Amino acid sequence: MAHQAHPYHMVDPSPWPLTGAVAALLMTSGLAIWFHFHSTILMLLGTVLLVLTICQWWRDVVREGTFQGHHTPPAQKGLRYGMILFITSEVLFFAGFFWAFYHSSLAPTPELGGFWPPAGITPLDPFEVPLLNTAVLLASGVTVTWAHHSIMEGDRKQAIHSLTLTILLGGYFTFLQALEYYEAPFTIADGVYGATFFVATGFHGLHVIIGSTFLAVCLHRQIRHHFTSTHHFGFEAAAWYWHFVDVVWLFLYISIYWWGS
Amino acid sequence: MYRHVFALQQVARRTITSSARRERNRVPEKQKLFQEDNGLPVHLKGGATDALLYRATMGLTVFGTGYVLYELWKASFPQKKD
């Protein structure tokens, strides 16, 4: 049987890039069809296909790394670069929404009354639920660091406890934010204030859900003994992503909730 | 209502950690399965469930491609409103 004479990972042919691309096509076309013809079937089909692609693709990555040993140190270095570049692209994604917020709020137009928050808008009190949410996410940053140290020290029980706590805190944030959305005295349709508020915090909330899911997958893998004290990059990637989500919230809190009120 | 949510969180945590303690390390078995020299690609190497999931996903992909082309073709021609 031939063996490779290099430490890099030459992947097996995979159908998931194709199914993922078709999922993206169906979701975007489906969005257009929904807007114009009120039918959601195409968009739903695309979403189902996306979920199937995601599950199977990342299942295969776990198989390739943990079960087949393909994630050598050089291969892992590539994965690290990849995750860092992805998070950087997400930072730029949020930068756009912060740009939009500051564009409208630093020089409020006469239509808004010439001040910010605009006329007719009752902003949320930054020292009520938003402050609690800040504490929740900061605490989750501590617990995820605790989980990392537990994994590195080979303390299985503490790793599982602290990772579970991190996920619960993420769930608590999502729950509190959903309540805030329900109770808010303004909507996304309330001018530029509503638009910037809900688009920025909405995308952040989506990232909290994604991050919590990533951490939950890591918890599942930690329980099943996938991680060793020296090799647990999947967890590190999830922890990096989680810290990114926390930092975005801090910027949101300072800019939109506090300064913007 | 919030008491129920908090209680659920505690139950979930205890359920997760108590079943986690009993979990035997099955990674060596998985390593043997996925390193077997049978020529199967990684996305099919886990067994029959892999093939089932693959066929379902690819089926949806092929159907979806056809369906989207049909919908886009239909959307390209203005419908007369009567």
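1. Is A:Phe101 buried or exposed? A:Phe101 is buried, at a relative accessible area of 1%. Buried is under 20% relative accessible area, exposed is over 50%, and partly exposed falls in between (1.4 Å probe, protein chains only). A:Tyr102 counts as partly exposed, at 29% relative accessibility.

2. Ground rules. This is a predicted model, where local features need pLDDT of at least 70, side-chain atom pairs count only at pLDDT 80 or more, and totals for chains, interfaces and linings use all residues. Residues are numbered from 1 along each chain as its sequence is written, chains are lettered from A and ligands numbered from 1 in the order in which they are written, and side-chain values use heavy atoms, with hydrogens and water left out.

3. Aromatic pairs. The whole structure holds 33 aromatic pairs over all chains. Rings of Phe, Tyr and Trp (its six-membered ring) pair if their centres lie within 6.5 Å; planes under 30 degrees apart are stacked, over 60 edge-to-face, and the rest tilted. A:Phe101 and A:Tyr102 have ring centres 5.2 Å apart and planes at 65°, so this pair is edge-to-face. A:Trp249 and A:Tyr257 make a tilted pair, with 5.2 Å centre to centre and 50° between the planes. A:Trp249 and A:Tyr257 are both buried.

4. Record annotations. UniProt (unreviewed entry) gives chain A the feature "transmembrane region" at residues 16-35, 41-58, 79-102, 129-147, 159-179, 191-219 and 240-260. The same record's "domain: Heme-copper oxidase subunit III family profile" covers residues 4-261 of chain A. UniProt positions follow the numbering used here, feature names are shortened, and annotations may be inferred rather than shown by experiment.

5. Spans in the model. Residues 4-261 of chain A are 76% helix and 0% strand, with end C-alpha atoms 60 Å apart. Helices (H or I, at least four residues) and strands (E, at least two) are DSSP runs, numbered from the N terminus. Residues 41-58 of chain A are 100% helix and 0% strand; their end C-alpha atoms lie 26 Å apart. Residues 79-102 of chain A are also 100% helix and 0% strand, with 35 Å between the end C-alpha atoms.

6. Helix packing. Helix α5 (residues 156-183) of chain A packs with α6(A) at about 155°, axes 10 Å apart. Axes are lines fitted to C-alpha atoms, for helices over the stretch in contact, and angles run from 0 to 180 degrees between N-to-C directions. That angle makes α5(A) roughly antiparallel to α6(A). Angles under 35 degrees are roughly parallel, over 145 roughly antiparallel, 65 to 115 roughly perpendicular, and the rest oblique.

7. Residues on α6. A:Ser212 sits in helix α6 (residues 191-223) of chain A and counts as buried at 12% relative accessibility. Leaving out residues up to four places away in sequence, A:Ser212 touches A:Ile167, A:Gly170 and A:Trp242. Contact means heavy atoms within 4.5 Å. A:His207 is also in helix α6 of chain A and is buried, with a relative accessible area of 4%. Beyond neighbours within four places in sequence, A:His207 contacts A:Glu90, A:Phe93, A:Phe94, A:Tyr241, A:Phe244 and A:Val245.

8. A:Gly234. This residue is in helix α7 (residues 233-259) of chain A. The C-alpha atoms of A:Gly234 and A:Leu52 are 20 Å apart, across 182 residues along the chain.

9. Chain B. Chain B has 3 helices and 0 strands, in the pattern α-α-α along the sequence. Of its 82 residues, 21% count as buried.
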